[in-house]
Amino acid sequence: MNINLTLIGQTISFAFFVLFCMKFVWPALISVMEEREKKIADGLEAADRADKDLELAQKRATQQLREAKEEAAAIIEQANKRANQIIEEAKGQAVAEGDRLKAAAEAQIEQDVNRAKEELRGKVAALALAGAEKVLGASIDENANSELVNQLAAKL
Amino acid sequence: MASEELTQTGYIQHHLQNMAYGKLPEGYVRSDGSVMEQTAWTMAHSSQEASDMGFWAIHLDTLGWSIGLGLLFCFLFTRAAKRATTGVPTGLQSFVETIVEFVDGVVKDTFHHSNKLVAPMALTIFVWVFLMNLMDLVPIDWLPMVADHTIGQGDGHLFFKVVPTTDPNATLGMAAGVFLLMIIFSIKNKGIGGFLKELALHPFNHPVMIPFNLFLELVGLIAKPISLGLRLFGNLYAGEMIFILIALLYSGGLVLGAFGAGLQWMWAVFHILVITLQAFVFMVLSTVYMAMAHDVDEQH
């Protein structure tokens, strides 16, 4: 409890420790801490910027998506239209082809009928002649009457 | 304890005596009856010898522990400072940085001038005083007993106080350091004339009142370091005293001893608050005094 030299010794060590702290401890720590603070601030700013970028990109993506959808819809519509058109064309062609085939078939049939008629006519003439021969009981000069029979057959 | 100190008073007094190494004059009759043949520096063997040494004595325990703890502070913080990186701080670094940031905040709040010394000073004071106060939490007989068996004769005669801040020399010594810085910064910022004018012309700015002002301001000026040092000393001394009184209970049998153990634990828990607070108060007041030394404008 006596005041003595210890006091001065303590003052000297106080001065020493304060100076030591000022030289070697404080500046190093504070500079590191300030640097880190700056780093963190930069990081936060970058994060903010990234956020904004992301938002922008998302907006752009949405926009592009919408455009793509619209385009796709347009393409589909066009394709539908084209398909309908093709179907219509095909239908037309089919009808025309059908008509053509029908006409050909009809023509063929007519031809066949005519041929058959011709054949029948020939056969009728011969038949008529034979019948008439039987009916008359006499032979008919084929050469003299054939002209007549042919005229008859032509009238059938 | 030695035979003549087995009384309770003796125990308390023994614990309140620093290990003094000082000058005793020729012809001085020592406590063991021997007479100094010539003036010489020697260890004090009793409180009476220590006080008879007067100013020319050194408290080896106070200086030893305070310098040791100061070196511990320097070691820990330099280590942290050297290994500090701007990455994620871990372990010691983050602990040290927490303290530095705390002190930096306090200093920035109270001290608004540009000075490279004040913040490190505040950090040094806070950590150093805290460490010195912390020694109060070590049960009071442990370290003295270890010291007695290592550097002493093992007879319980060695005086050994482990808490430097319970020695007014230590606290007033630091307060003196703060006081010197105050004077230096005052003169540096205000000039000798400005400093003297501040002492002479406040609070009453009239030539007739100069002696009165001087008296008032000088008392105020001197009171700052004295109160700064004595506040810390008083708080820690009182805390130490309570620990000593509680420790006396251990000699009172099993029941009283157990009671004392509980009390010591409670007082130690409470004391954690006290030692931190006192370190903080010492730091803040030192910073405030530095700020006052820098305030050039008159604030009246």
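Predicted model: local features only at pLDDT ≥ 70, side-chain atom pairs only at ≥ 80, totals over all residues.
At 13% relative accessibility, Thr11(A) counts as buried, because the cut-off for a buried residue is under 20% relative accessible area. This residue is found in helix H1 of chain A, and, when residues up to four places away in sequence are not counted, Thr11(A) touches Gly173(B), Ala176(B), Gly177(B) and Leu180(B).

The secondary structure of chain B comes to nine helices and three strands, which follow one another along the sequence in the pattern α-β-β-α-β-α-α-α-α-α-α-α. Along its principal axes the C-alpha trace of chain B spans about 65 × 60 × 35 Å, and of the 300 residues in this chain 47% are buried. Among the contacts in chain B with a separation of 6 or more, 67% are made by residues 24 or more positions apart.

In terms of residues, 30 of chain A are in contact with 58 of chain B. Across this interface the rule finds one salt bridge; the side chains of Glu97(B) and Arg36(A) meet in a salt bridge, at 2.7 Å from N to O.

Glu97(B) is one of the buried residues of helix H4 of chain B, among which are also Val96(B), Ile99(B), Val100(B) and Val103(B). The 20 residues of H4(B), residues 91-110, should span 28 Å at 1.5 Å a residue, and the end C-alpha atoms are 29 Å apart, which agrees. What covers the buried residues of H4(B) includes helix H1 of chain A, together with helices H3, H5 and H9 of chain B.

Where does Val100(B) stand among its surroundings, and which residues is Val100(B) in contact with? Leaving aside neighbours within four places in sequence, Val100(B) is in contact with Trp26(A), Leu29(A), Ile30(A) and Met33(A), and also with Phe77(B) and Leu123(B). The largest nonpolar core has 67 residues, and Val100(B) is one of those with the most contacts inside it, as are Phe14(A) and Met290(B). The elements that give two or more residues to this core are H1 of chain A together with H3, H4, H5, H7, H8 and H9 of chain B, and H5(B) gives the most, with twelve residues. Apart from this core lies another, of eleven residues, among them Ile12(B), Leu16(B), Phe233(B) and Tyr237(B).

Aromatic rings are the last topic. A search of the whole structure finds 14 aromatic pairs over all chains. In one of them, the rings of Phe102(B) and Phe126(B) have their centres 5.6 Å apart and their planes at 55°, so the pair is tilted. Phe102(B) lies in helix H4 of chain B and Phe126(B) in helix H5 of chain B, so the pair ties together parts that are 24 residues apart in sequence. The table sets out the accessibility of these two residues.

| Residue | Relative accessible area | Class |
|---|---|---|
| Phe102(B) | 38% | partly exposed |
| Phe126(B) | 10% | buried |

Aromatic residues of both chains also come together, for Phe16(A), Phe17(A), Phe20(A), Phe24(A) and Trp128(B) form one aromatic cluster.

Definitions and conventions:
Residues numbered from 1 in each chain as written. Chains lettered and ligands numbered in written order. Heavy atoms only, no water. Helix = DSSP H or I, 4+ residues; strand = E, 2+ residues; numbered from the N terminus. Expected span 1.5 Å × (residues − 1). Buried < 20%, exposed > 50% of the residue type's maximum accessible area, 1.4 Å probe, protein only. Contact = heavy atoms within 4.5 Å. Core = buried A, V, L, I, M, F, W, Y, C linked by side-chain atoms within 4.5 Å. Phe/Tyr/Trp six-rings, centres within 6.5 Å; stacked < 30°, edge-to-face > 60°. Salt bridge = Lys/Arg side-chain N within 4 Å of Asp/Glu carboxyl O.
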